[in-house]
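I opened this entry to look up aromatic ring pairs. The notes below follow the order in which I checked them.

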Amino acid sequence: MDFHRNGVLIIQHLQKDYRAYNFLNFMSNIGDPQNIFFIYFPLWFQLNQTVGTKMIWVAVTGNWFNLIFKWHAGGRGL
């Protein structure tokens, strides 16, 4: 439980003390999973279909695992 609490404290520290740094907001927007479906996948699929197909499978699988882990954690009260 301490590991989870420490992670939350670090995130709170970053949000509070580094709010003025636009780099963190920029990286958060770039890494948004929604961008994989709407920006990165169409771009890479046009450039290289093999890479685009692998990218979409990784995104779908990652989102599925994220959902399963959230369900599991929700049942435990984490």
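**Aromatic pairs, looked up one by one**

I began with F41, which is partly exposed at a relative accessible area of 21%. The cut-off for buried is under 20%, so F41 does not count as buried. I note that the model is a predicted one.

Next I looked up F45, which has 28% relative accessibility and is also partly exposed. I found F41 and F45 in helix α3, which covers residues 33-47. They are 4 residues apart, about one turn of the helix.

I then counted the aromatic pairs and got 3. One of them is F41 with F45, at 5.5 Å centre to centre. Their planes make 40 degrees, and I logged the pair as tilted.

I moved on to helix α4, residues 49-76, which holds both F65 and F69. These two are also 4 residues apart, about one turn of the helix. Their ring centres are 5.9 Å apart. Why is the pair of F65 and F69 stacked? The planes are at 25 degrees, and stacked requires under 30 degrees, so the pair qualifies.

Last, I asked which residues form one aromatic cluster. I wrote down W64, F65 and F69.

Terms used: Residues are numbered from 1 along each chain as its sequence is written. This is a predicted model: local features need pLDDT of at least 70, side-chain atom pairs count only at pLDDT 80 or more; totals for chains, interfaces and linings use all residues. Side-chain values use heavy atoms; hydrogens and water are left out. Rings of Phe, Tyr and Trp (its six-membered ring) pair if their centres lie within 6.5 Å; planes under 30 degrees apart count as stacked, over 60 as edge-to-face and the rest as tilted. Buried means under 20% relative accessible area, exposed over 50%, partly exposed in between (1.4 Å probe, protein chains only).
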